[in-house]
Amino acid sequence: MEKTFNLTRREDGIAILTMDVPGETMNTLKEQFGPEITEILAEIKADSSIKGLVVTSGKADSFVAGADITMLAACKSEADAKALSQQGHVVFSELEGLSIPVVAAINGACLGGGLELALACHLRVCSDDKKTMLGVPEVQLGLLPGGGGTQRLPRLVGIATALDMMLTGKQIRPKQALKMGLVNDVVPNSILVETAVELAKKGKQAAKPVKQTKINQFLESSSFTRDIMFDQARKQVMKKTQGNYPAPAKIIDCVRQGMNKGMVQGLEVEATHFANLVMSKESAALRSLFFATTEMKKETGAEGAVPRKVKKVMVLGGGLMGGGIASVTTTKAKIPARVKDISEQGLSNALSYAYKLLDKGVKRRHMTPIARDNIMSLMTTTTEYTGIKDADIVVEAVFEDLALKHQMVKDVERECGEHTIFASNTSSLPIGQIAAAASRPENVIGLHYFSPVEKMPLVEVIAHKTTSPETIATTVAFARKQGKTPIVVQDGAGFYVNRILALYMNEAAQLLLEGQRIEHLDRALVKFGFPVGPMTLLDEVGIDVGAKISPILEKELGERFKAPAAFDKLLGDDRKGRKNGKGFYQYGPKAKKAKLVDESVYKVLDILIASDKESKDVAERCTIQMLNEAVRCLEEGIIASARDGDIGAIFGIGFPPFLGGPFRYIDTLGAKNLVDTLHGYQSLYGERFAPCETLVKMASDGSQFYNS
């Protein structure tokens, strides 16, 4: 069997231990490496000619990207998972216990178990390469650093900094890592190993005291003040997670016990908590999401089709969406984008929008002004159809008006090449209707972004009946280059995401009209796990936008999509939400720091406030509609699989990730329970709650969407 770890001895007494997992692009730590490392460490101990050790990677772009999380699925019990953590503890303690200096030479990703390996070394040097990132992102998988990270990190960089890293999973750049004491030096990659060798020759050095703020120094000075800090951290975590994610509280407990009772006790607590989290349903859901997105990256979206290279993009419309689309095209995909708008004002808005986003990077010192200006030079503007003959893809982001979109298709077909793709960022109009005006309908596709474009990770790629496979594959590849997660959906009003969202929003509106308070509705859904509540979301998206989409969905999909008629009164009162400072909440100078409801809205809608319903009942009534409709979309072939449906809901509308998405959540609830609940609501509120055929069938035969 090929070895992963290779030891080479230099003439100056420094040995280089290189990790290079055979046949893989990235190094990850696997359970079977344990004996191999132990054997090598024994060899190092026995060789008195070795005066120092440098640990490095044989991969060009990564140190160690983390532990291989597929091994967690093999754990059948908490005891199995605890043994895994403890095996890591033993190996890392042996490394740390070597009498010679051990230096980690880090280039590229050094994450999770990779950073824990580096922490077990006595010193760390990293390259200044932009691919070099250090972090412990385990919390994003519902886990905690289980290889001693909860103990070594706070001892190295201080409790406050370590908690911040572990509770957010944020990645640290080289300069930051040096400033916080996470690494001892940052050098160009060309001299990385030599620098590490020189450090090893100097012998073991005591870690320099971490530069801390006065307040953190005080808080970390005694067990009493540390406990104040831990309690504060726990309160903040509870507020942020609503108690839906168990990992953060366990991370805090590991650090607390380790700092107050010592390393041995800390490692024992870490292994126990790690094991408990590995077997939790929340971590299982988050890990399934990780595997699903990884699997999707390998797919083209159209079987057997090869994407064409996109070298130039045109964006029609310089509004918020157009500006955002042009910005991710130049910044993330590094592809030139030409924005066309009928007014100079629209064009300058698009440019300033992109500039502001890039300038944030300059202000935070993540980017130089020259790099910002180079990216900005990729964006050009025009009020005419000039300089676009060679555009490979045109993304249309104009108003939701079919006649206007037909005009755009004709203009593009007249002005661009025969292979130019026409991608419409419509949120509700069927793509087939837009393609009806095209002489090359095979080039027409939907590319539905979510607002704000630079933040929302999902795009829906919508194929109508005659979209060519090559057009689908090219559009999917283009969206990925923009840093998006694309799901391919079939044509139909509302596509997938807005269709399941519309029923959820309508039900929240019904509850509001029945007298439920705005803030109670929002709180109930945030407690359930959504990032914001439905009324806040409606204010953010725009009440007028919601009003435009509803009739389209009702006309195409039927009565269950009918929005409450009372909502017309909101528009009559000129309430559009945040954009015009008038909606369900207060905006502008009168709005305090805390978000306050604009109480006058109750009068506009003739609402009599009723007593609050149970939060969980409110959340169930809103989300159950979404679950039913998601299954209906699968039944109609709008989405290709339960996996795509789960990713679409989580990345598109913030469906709670710890539930794994609508389909995984239905498996957890059980189809029979869901159908019984829907029938209960149907008898109370009518046909909009009738369960779809697939659910009824699953309830009778006990089947599930996923096997695991």
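User: In β7, which residue is the bridge partner of Ala104?

Analyst: This is a predicted model. Strand β5 (residues 102-106) and strand β7 (residues 123-127) pair in the parallel sense, over four bridges. Within β7, the bridge partner of Ala104 is Arg124.

User: What is the strand order of the open sheet of six strands?

Analyst: Pairing in this sheet is mixed. Neighbouring strands are turned by 20° against each other on average, direction ignored. The order is β1-β2-β3-β5-β7-β10.

User: Is Leu182 buried or exposed?

Analyst: Leu182 is found in the loop between α7 (174-179) and β10 (185-187). Beyond residues up to four places away in sequence, Leu182 touches several others, including Leu115, Arg124, Met165 and Ala177. Its relative accessible area is 0%, and buried means under 20%. So Leu182 is buried.

User: Which helix gives the most to the lining of the largest cavity?

Analyst: The largest cavity has a volume of about 90 Å³. Its lining has nine nonpolar, no polar and no charged residues. Val91, Phe92 and Leu95 are among them. With three residues, the helix that gives the most is α3 (residues 78-96).

User: How many charged residues are in the lining of the second largest cavity?

Analyst: The second largest cavity has a volume of about 60 Å³. The elements giving two or more residues to its lining are α17 (402-415) and β15 (421-424). Glu413, Glu418 and Arg440 are among the lining residues. By class, four are nonpolar and three polar, and the charged residues number three.

Notes
Residues are numbered from 1 along each chain as its sequence is written. This is a predicted model: local features need pLDDT of at least 70, side-chain atom pairs count only at pLDDT 80 or more; totals for chains, interfaces and linings use all residues. Side-chain values use heavy atoms; hydrogens and water are left out. Buried means under 20% relative accessible area, exposed over 50%, partly exposed in between (1.4 Å probe, protein chains only). Contact means heavy atoms within 4.5 Å. Two strands pair if DSSP finds at least two bridges between them. Axes are lines fitted to C-alpha atoms, for helices over the stretch in contact, and angles run from 0 to 180 degrees between N-to-C directions. On a 1 Å grid over the protein atoms alone, a cavity is a set of points where a 1.4 Å probe fits but cannot get out, and a pocket is an open set with protein on both sides within 12 Å along at least five of seven lines; lining residues have an atom within 4 Å of a point. Grid points are joined across faces, edges and corners, and a volume is the space filled by probe spheres set on the points. Ala, Val, Leu, Ile, Met, Phe, Trp, Tyr, Cys and Pro count as nonpolar, Asp, Glu, Lys and Arg as charged, and the others, Gly among them, as polar.
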